[in-house]
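Here's a quick tour of a protein model for anyone new to reading structures. Have a look at the picture first, then work through the points below.

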Amino acid sequence: MKTSRSILFLLLNTITIVSLAQSPAEKLKTVFKGNNRQILVAAHRGDWRNAPENSLNALYNSIRKGFDIMELDVKMSKDSQMVVMHDNTIDRTTNAKGKVGDYTLEELKKFRLKNGLGRVTENQIPTMREMMLAAKGKILINVDKGNDHLDLVFKVLRETSTIDQAIVNVGDEIPYGELKTKNVIPDDAYLMVVVNVKKKDMQDIIKSYTPNKKTIVQPIFDTDTLSNLKTIKELNGKPLIWLNSLWPSLNGGHDDDRAIEKGEKEESWGWLIAYHPVIVQTDRPADLLIYLKERGLHH
């Protein structure tokens, strides 16, 4: 009898936890609320240390390990299909060579992705549609490298009913007015613009996005002595800030390797957190997740 009650308690507790868990869409809405203190973890190209970058398995790993966001990159095939690939060529990441745009989707599907060690696996090049359907209701997606084909990016998001769980990179240093002139931007889309902290017009570009209430700003900087960094800190998360801990040229030397290989987490991740980001993109998502949880900055 005691065993039965214990099992029932565990079941009810599990149901309660599941019911309290936010969907990806709800999680993204929460980020835009003024009282949000949580920092979301974005896995760069998926969990690429344990699966080929930008692969379905990288996505599945990211979901299973509890990462909040998977960042992926898109390119256009010869027959105008959006596929998930970082480089303009497939040389580095597959067992074939050539430009993505030189192949049809059917041809691209015949190739196999390499893992982080450069070894060929059984993983195929996925389409953006396949990735979004696999991610639907499970994890947020950051769509990068698609700013030359934003119409198709938004088309896939709309057709897969995942526009509410995606953050779309719209380009580097592009003012909002210019973006709207060149593209049809859905009112319900979450946008991210990259700004170089070195540029004098950084503040003007950020201000130009004030009319859009679903904008995230991604500042990049290769040194931590820039006067504009003070401006970023003074924003205090308004507009919302996305920071990268990937490599030194994006964060002035406060990167993942410094956190893990040098054991200087406060000098890397801690330093970045002082700038009030709501999202940190990392190549060490599991380690960053632990770091944030220990500080009460992630549920």
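Predicted model: local features only at pLDDT ≥ 70, side-chain atom pairs only at ≥ 80, totals over all residues.

Residues are numbered from 1 along each chain as its sequence is written, and side-chain values use heavy atoms, with hydrogens and water left out.

**Helix α12 with helix α13**

- Helix α12 (residues 265–273) packs against helix α13 (residues 285–294) at about 70°, and their axes are 12 Å apart.
- On the α12 side you'll find K265, E266, W269, G270 and I273, and they make the contact with D287, L288, Y291 and L292 of α13 (contact means heavy atoms within 4.5 Å).
- Sorted by class, the residues of this contact are five nonpolar, one polar and three charged.

**Helix α3 with helix α5**

- The axes of α3 (residues 56–64) and α5 (residues 128–135) come within 10 Å and cross at roughly 20°.
- That makes α3 roughly parallel to α5, a label for angles under 35 degrees.
- L56, L59, Y60 and I63 in α3 meet E130, M131, A134 and A135 in α5.
- By class, this contact of α3 with α5 has seven nonpolar, no polar and one charged residues.

**The nonpolar cores**

- In soluble globular proteins, nonpolar side chains tend to be buried together.
- The largest nonpolar core here has 48 residues, and M128, I141, F154, L157 and L179 touch the most other members. Such a core is a set of buried Ala, Val, Leu, Ile, Met, Phe, Trp, Tyr and Cys residues joined through side-chain atoms within 4.5 Å.
- Another core, of 14 residues, lies apart from it, and its members include V31, I69, M192 and L240.
- Leaving out residues up to four places away in sequence, L179 touches L150, V170, I174, I185, L191 and Y209.

- Q218 belongs to strand β7 (residues 215–220).
- Is Q218 buried or exposed? Q218 is buried, with a relative accessible area of 8% (buried means under 20%, exposed over 50%, and partly exposed in between, with a 1.4 Å probe and protein chains only).
- H149 is in the loop between β4 (140–144) and α6 (150–159), and H149 is partly exposed, with a relative accessible area of 27%.
- H149 and M82 are 67 residues apart in sequence but 9.0 Å apart in space, C-alpha to C-alpha.

Technical notes. Axes fitted to C-alpha atoms, helices over the stretch in contact; angles between N-to-C directions. Helix = DSSP H or I, 4+ residues; strand = E, 2+ residues; numbered from the N terminus. Parallel < 35°, antiparallel > 145°, perpendicular 65-115°, else oblique. Nonpolar A, V, L, I, M, F, W, Y, C, P; charged D, E, K, R; others polar.
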